[in-house]
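Reader: Could you walk me through this one? I'd like to start with how the copies relate and then go on to the contact between them.

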There are 2 protein chains.
Amino acid sequence: MSTDGVPGSAPRIDGLQSSRWDRELFEEWRAGKIDCVHVTCAIWEDARATLSNLGPWHRRLRENADLVVLATSGANVPTAAASGKTAVILGFQNSSPIEDDLDLVEVFHRLGVRIMQLTYNIQGLVGGSCYEPSDSGLSRFGRQVVAEMNRVGMLVDLSHVGEQTSVDAIEHSARPVAITHANPSSCLEHPRNKSDRVLQALAEHGGVLGCTVYPPLIGGADTSLDAWTEIVARSVDLLGVEHVGIGTDASRKWDEDDLRWVRMGRWTHTVDYGASSTRQTSWPVWPHWFETPAPFAELGAGLARRGFNENEVAAIMGENWLRLFTDGFTPLAGW
Amino acid sequence: MSTDGVPGSAPRIDGLQSSRWDRELFEEWRAGKIDCVHVTCAIWEDARATLSNLGPWHRRLRENADLVVLATSGANVPTAAASGKTAVILGFQNSSPIEDDLDLVEVFHRLGVRIMQLTYNIQGLVGGSCYEPSDSGLSRFGRQVVAEMNRVGMLVDLSHVGEQTSVDAIEHSARPVAITHANPSSCLEHPRNKSDRVLQALAEHGGVLGCTVYPPLIGGADTSLDAWTEIVARSVDLLGVEHVGIGTDASRKWDEDDLRWVRMGRWTHTVDYGASSTRQTSWPVWPHWFETPAPFAELGAGLARRGFNENEVAAIMGENWLRLFTDGFTPLAGW
């Protein structure tokens with residue numbers, strides 16, 4: 001095991017980050033030797049606006065080709081790592097980019113998108129959000145979308161999705177799904193955290209939970225790294241060590257306009273800050289041990305201190321994600 | 001040489017068709033042993049609407065995978081031919097799909113689009129159309145678009161483009177360009193046919209003209225196949241045999257609503273039928289020798305009767321297109 005608690009050959013994969021991207025952030029990834037990051041390319045955007053997010057992403061990848069490389073298959077991750085680069089997985093935190101057009105699943109897959117969350121913070125065409133008072137479950141269109149995602153090799157993400165829609169999607173999906181950034185609600189009650197029922201269904205169907213560092217979901221900025229490792233430990237107890245990863249939700253360089261867009265989009269004119277509620281208007285303060293993603297390996301060191309063995313740390317730090325990505329991004333036979 | 005006048009190993013490539021597509025049309029291609037067709041996927045559509053044309057195209061290719069296969073490189077054409085399928089090149093007859101967003105050139109390239117005409121029948125953001133009374137030439141945005149197309153490997157098409165914009169684009173492009181479907185205006189004066197000046201510039205810069213069978217550009221449905229071969233012969237005299245191909249502009253199964261859309265889009269409420277003028281409101285009648293694309297090889301037989309030798313027929317029937325596509329679809333180094 002390396003001195004930072006992470007076995008040298010194990011991949012370091014962050015299951016979700018969402019920032020105002022620039023080269024400095026990619027340099028932070030390299031400083032942390034992060035091998036792979038799933039990045040958010042759309043939150044509320046429709047199809048047209050998403051194109052104008054993906055275009056600059058492809059340009060950004062090209063202009064920073066010494067640091068980052070697009071990953072469209074699991075096999076791209078070790079290749080990127082071997083060349084000292086971070087593999088970038090493009091993803092959506094909403095199904096808004098496909099609007100009501102089933103063909104757009106394949107269109108966005110062809111544009112490199114490999115993960116799509118079914119809903120963000122409000123009800124959508126495919127199902128209910130974790131913040132809705134009543135969750136209809138996976139809609140008729142939602143069933144089509146999940147099946148189409150299964151076909152092309154686009155991973156279903158349920159992080160912000162409502163309880164019933166999550167359970168429905170897990171059962172309806174022919175392939176394992178992801179919760180890229182959330183924690184067990186048995187650690188902290190929060191609409192964004194996940195019930196034992198959802199987490200156990202996720203694991204039973206081969207999925208992976210990315211334990212998050214997002215302050216409102218861990219108990220605030222004063223939560224210690226050791227306390228965070230207890231959240232991971234509880235997750236391992238619930239799901240099994242093969243079904244737990246990390247999705248920090250690191251969010252960097254956002255200004256006030258970005259925050260308003262991320263939280264309220266166009267759907268409300270009143271204050272609704274989602275996970276941060278109405279009480280906290282500014283972006284949450286992050287724990288001193290994770291103010292940037294650069295100390296990502298410290299999460300592994302913390303897990304080792306908590307008593308996880310070398311293989312378990314490697315599984316949580318990236319091997320579980322890599323297994324899920326490798327399988328989940330492979331199109332079904334015949335396509 | 002085979003009995004139909006086309007050497008057995010020479011590719012048969014149609015530089016443009018634009019139809020209401022279905023399996024029957026793909027069966028016509030196979031009946032004609034057509035190895036490759038450039039198909040129109042957008043005429044007036046903006047970015048969003050184009051996604052809903054490309055999505056069904058990818059579905060259509062999948063559902064008819066026994067007959068057709070997507071071509072994204074020149075090398076795909078002989079592979080398709082060897083497996084008894086027609087290689088399909090996706091193209092736009094307008095730059096409307098990229099709107100004012102330079103990044104969308106790469107976005108649509110990633111969606112498989114390999115040919116884009118700079119303007120259709122009206123002036124656009126990149127330059128003037130052949131029907132405009134005054135042609136500004138290639139605009140500032142147009143220069144960016146041509147350079148970006150050069151970079152990603154998307155072929156510039158000038159068939160409906162204005163005279164000055166065409167000359168500017170030929171000179172500004174670092175790579176050879178195409179006129180996929182037009183004839184020399186020295187054969188028939190028509191705004192859509194091309195001046196000697198444009199054609200000679202095209203050839204000097206390595207481009208290819210696709211001689212068309214579209215009735216208004218050849219003198220009407222009564223024009224004989226032998227008379228059409230004289231148009232090809234005149235083109236060869238002007239450009240050289242290495243710079244002439246065929247782009248039939250075969251247009252099948254369109255209904256009256258399709259015709260109105262193709263001709264008038266949303267830009268006029270008065271009658272303006274482009275190449276067919278205001279006099280002919282229905283779709284032009286095609287010559288009896290080309291009512292469908294199935295007898296494509298007969299065009300080669302006609303060229304052989306006209307006196308072209310085996311190598312010349314092969315060049316015109318497809319080898320020139322294949323050379324241009326192979327080079328033109330290859331991204332510049334470093335991408």
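Author: This is a predicted model, and in it chain A can be laid on chain B with an RMSD of 0.0 Å by a turn of 180 degrees and a shift of 0.0 Å along the axis. That is the relation of a two-fold axis.

Reader: Which C-alpha of chain A is nearest the axis?

Author: In chain A it is the C-alpha of A:Arg48, which lies 2.7 Å from the axis. The same surface serves both copies, since 100% of the contact residues of chain A recur in chain B.

Reader: OK, and how many residues does each chain bring to the contact?

Author: Chain A gives 20 residues and chain B gives 20 residues. The area buried between chain A and chain B is about 1900 Å², with carbon and sulfur atoms giving 54% of that area. On the side of chain A, the residues that lose the most area to chain B are A:Arg48, A:Arg62 and A:Arg110, which together make up 30% of what that side buries.

Reader: Switching to charges, how many salt bridges are there between chain A and chain B?

Author: The count is eight salt bridges between chain A and chain B. One of the salt bridges joins A:Arg48 to B:Glu99, where the closest N and O atoms are 2.8 Å apart.

Reader: And which elements give two or more residues to the side of chain A that touches chain B?

Author: Those are α2 (47-63) and α4 (103-110) of chain A, and α2(A) supplies the largest share of that side, nine residues. By class, the side of chain A that touches chain B has eight nonpolar, three polar and nine charged residues.

Conventions:
Residues are numbered from 1 along each chain as its sequence is written. Chains are lettered from A and ligands numbered from 1 in the order in which they are written. This is a predicted model: local features need pLDDT of at least 70, side-chain atom pairs count only at pLDDT 80 or more; totals for chains, interfaces and linings use all residues. Side-chain values use heavy atoms; hydrogens and water are left out. Contact means heavy atoms within 4.5 Å. Buried area is the accessible area (1.4 Å probe) that two parts lose on being put together, summed over both. A salt bridge is a side-chain nitrogen of Lys or Arg within 4 Å of a carboxyl oxygen of Asp or Glu. Helices (H or I, at least four residues) and strands (E, at least two) are DSSP runs, numbered from the N terminus. Ala, Val, Leu, Ile, Met, Phe, Trp, Tyr, Cys and Pro count as nonpolar, Asp, Glu, Lys and Arg as charged, and the others, Gly among them, as polar. Copies are superposed by least squares on the C-alpha atoms of residues with pLDDT of at least 70 in both.
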